[in-house]
Amino acid sequence: MSEPTNDKPLLSVRGLAVSYGRAGQSENAVQYLDLDVSEGEMFVLLGPSGCGKTTLLRAVAGLQAPHSGSVTIDGQDVYNSKSGNSVPPEKRPVSMVFQSYALWPHMSVAENVAFPLREGRRGVPRDEVAERVTEVLEMLGLSNMRDRPVTTLSGGQQQRVALARALALRPRLLLMDEPLSNLDYELQVRLRGQVKELVSRIGVTTLYVTHNQNEALEMADRLAVMDAGKFRQIGSPRELYHGPSSEFVARFIGDMNLLPARIAEVGPNLWVDTPLGRLRAGTNCIDDAKVGQSCLFGVRQEDIEIGDNQGADNIVSASVDRATFSGDSISYQMNVNGTGLQCRLHRRFDVPPGRDVLLRLPVEHCLVVPTDGQTGAS
Ligand SMILES: Nc1ncnc2c1ncn2[C@@H]1O[C@H](COP(=O)(O)OP(=O)(O)OP(=O)(O)O)[C@@H](O)[C@H]1O
Ligand SMILES: [Mg+2]
């Protein structure tokens, strides 16, 4: 598991539990989580719908009351169930961007950004409000729209206003809850890069929620995969992609073929018996793997190669059941002695259904993953 890059985390969460019913009477939406996010880090929470991402974010912001644990932001204890301390949301050094933008429809772009600075307990002086508004609108390329009613902006522009409003507060911690999911796909992809570049330029520590794995991998310095209120694995995008410590994470990140298998040999060479025959794996994600132990053999669709590689390890003969052309690549449903194997090949490998082919499952890209219920290395 990768460690935060800095000694003193900007956000520190310990034993945090949040329940929507009375404690102990209903299942916790967030189950006793520990989390450290370093200063300047972009930390992504990734997980399926209902796993507790929004609940965790809202608890950090102070919008949802936890029933136990503690939250420390920038050295300040903002929630602690033991001491009973709970700092109200507007006094926490955070700002939040929501999926729904939550802009005020009767205000202009500039007014939307200025409003939270002027109002409430913040009471930023007039001149400074004007300065900050101009600065963030400039930063987000919204200067030429500053006086337009916010309702006349496109979805992508409105989301940039929401981000500008959050950044104008100069939070120590920026919380973003699926900020791009209401936008069309192309805009999402473009804004991912822009948002990441912007927050890293400003250096604001960010906790970013998404259920989209590509978005998570692209945006994150580190990410946590969440399931039913718990973290299943925390690490860098590369660590999680190449070394999922559980079946859940392996299935959630990337398009992985996972076949039931049994360990045949451990040591310098790791061999497993699979429905495709005895295969070698380059990465072992099981702690203390034993011969005879059941496991999963994993290989990603895009890592499988086609062609005549006689003599190499992990060659299987297959026939093409189905081929789906999608422009840059072709997705194949292969059949290896009755076992299905999905692979995605560059479009230059255009093989018609019914044809027999040899496939190579490169050892360095083959994983042994624990079935859920077993412990994985982390
Ligand atoms: N106001 C509420 N009252 C009762 N239960 C709630 C409430 N809000 C959320 N929950 C429950 O808490 C759990 C976690 O919900 P949460 O909204 O945090 O999930 P999420 O990971 O953000 O999901 P999504 O990706 O769909 O936004 C779910 O089981 C949900 O049904
Ligand atoms: Mg949510």
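Me: What domains does the domain assignment of the chain give?

Reply: This is a predicted model, in which local features need pLDDT of at least 70, side-chain atom pairs count only at pLDDT 80 or more, and totals for chains, interfaces and linings use all residues. Residues are numbered from 1 along each chain as its sequence is written. The assignment gives domain 1 (9-242) and domain 2 (250-369), and such bounds come from an automatic or database domain assignment. The C-alpha centres of domain 1 and domain 2 lie 39 Å apart.

Me: How many residues of domain 1 are in contact with domain 2?

Reply: Five residues of domain 1 are in contact with four residues of domain 2, where contact requires that the C-beta atoms of two residues, placed from the backbone, lie within 7 Å. Helix α7 (residues 237-242) gives the most to the side of domain 1 that touches domain 2, with three residues.

Me: Why is α2 called roughly parallel to α4?

Reply: The axes of helix α2 (residues 109-118) and helix α4 (residues 155-168) cross at roughly 30 degrees and come within 9 Å. Angles under 35 degrees count as roughly parallel, over 145 as roughly antiparallel, 65 to 115 as roughly perpendicular and the rest as oblique, and therefore α2 is roughly parallel to α4.

Me: Which residues make the contact of α2 with α4?

Reply: On α2 the contact is made by V109, N112, V113, P116 and L117, and on α4 by V161, A164, R165 and A168.

Methods: Chains are lettered from A and ligands numbered from 1 in the order in which they are written. Axes are lines fitted to C-alpha atoms, for helices over the stretch in contact, and angles run from 0 to 180 degrees between N-to-C directions. Helices (H or I, at least four residues) and strands (E, at least two) are DSSP runs, numbered from the N terminus.
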